[in-house]
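Please look over the fold below before reading on. The briefing starts with confidence and then works down to single residues.

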Amino acid sequence: MLSEKELEDYFKEHKLSEPVCEYIRLTRANPSRLAGAQATTSVNTGFISSKTMLSIQTESRTGEYACATELEYSTGVLEFWDQPQPIPVARTYSNGKKRPGSYTPDILVLNHDG
């Protein structure tokens, strides 16, 4: 896992906006909620990541487990986090109405490419 100084250097190197930096900080400070906790058809899997030294939780009936395994062993990945905090979004329905909602990404990745 990146140190605080390495993380700040990463933000500067990749010219990330302050809201993005804050989202990454929040994700690192509040690790994952339980993956698939509300889905009755999910089979939860997990492993300890050598990149973050935390448990990575995935839903094995989706591509999440394969993706997490690939990220764990990729030399281009600095760290990755499962089930980060929800992101507020505005959904537009087919009738044209917009409604607030949220989207929870499966994985947040910090890699050498930014």
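Residues are numbered from 1 along each chain as its sequence is written, and side-chain values use heavy atoms, with hydrogens and water left out.

**Confidence**

- The protein chain has a mean pLDDT of 88, where pLDDT is the predictor's confidence in each residue, from 0 to 100.
- A value of 70 or more is reached by 89% of the residues in the protein chain.
- Among the elements, helix 1 (residues 4–13) has the highest mean pLDDT, 97.
- The lowest mean among the elements, 83, belongs to strand 1 (residues 44–48).
- Where pLDDT is low, the predicted coordinates should not be read in detail.

**Overall fold**

- The protein chain has three helices and six strands.
- Helices (H or I, at least four residues) and strands (E, at least two) are DSSP runs, numbered from the N terminus.
- Along the sequence, the pattern of the protein chain reads α-α-β-β-α-β-β-β-β.
- Of the 114 residues in the protein chain, 30% are buried.
- Buried means under 20% relative accessible area, exposed means over 50%, and partly exposed lies in between (1.4 Å probe, protein chains only).
- Take the contacts in the protein chain between residues at least 6 apart in sequence: 49% of them join residues at least 24 apart.
- Contact here means heavy atoms within 4.5 Å.

**Helix 1 against helix 2**

- The axes of helix 1 and helix 2 (residues 18–29) come within 11 Å and cross at roughly 150°.
- Axes are lines fitted to C-alpha atoms, for helices over the stretch in contact, and angles run from 0 to 180 degrees between N-to-C directions.
- The two helices, helix 1 and helix 2, are therefore roughly antiparallel to each other.
- Angles over 145 degrees count as roughly antiparallel, under 35 as roughly parallel, 65 to 115 as roughly perpendicular and the rest as oblique.
- The crossing of helix 1 and helix 2 is right-handed.
- A crossing is right-handed if the near helix is turned clockwise from the far one by less than a right angle, and left-handed if anticlockwise.
- From helix 1, E4, L7, E8 and F11 meet C21, I24, R25 and R28 of helix 2.
- By class, this contact of helix 1 with helix 2 has four nonpolar, four charged and no polar residues.
- Ala, Val, Leu, Ile, Met, Phe, Trp, Tyr, Cys and Pro count as nonpolar, Asp, Glu, Lys and Arg as charged, and the others, Gly among them, as polar.

- Most residues other than glycine have a negative phi.
- K15 is not a glycine, yet has a positive phi of about 50°.
- K15 sits in the loop between helix 1 and helix 2 and is exposed, at 73% relative accessibility.
- Q83 is likewise a residue other than glycine, with a positive phi near 45°.
- Q83 belongs to the loop between strand 3 (77–82) and strand 4, and is buried at 4% relative accessibility.

**T52: a loop residue**

- T52 lies in the loop between strand 1 and strand 2 (55–59).
- T52 is buried, at a relative accessible area of 5%.
- Beyond residues up to four places away in sequence, T52 touches M1, E79, F80 and W81.
- From T52 to F80 is 28 residues in sequence, but 7.4 Å in space, C-alpha to C-alpha.

- I87 is in strand 4 (residues 87–92) and is partly exposed, at 32% relative accessibility.
- Neighbours within four places aside, I87 contacts Y23, G101, S102, Y103 and P105.
- K98 is in strand 5 (residues 98–103) and is exposed, at 64% relative accessibility.
- Setting aside neighbours within four places in sequence, K98 contacts R91 and T92.
- Y65 is in helix 3 (residues 64–73) and is partly exposed, at 37% relative accessibility.
- Y65 and T45 are 20 residues apart along the chain, and their C-alpha atoms are separated by 7.3 Å.

Definitions and conventions
Predicted model: local features only at pLDDT ≥ 70, side-chain atom pairs only at ≥ 80, totals over all residues.
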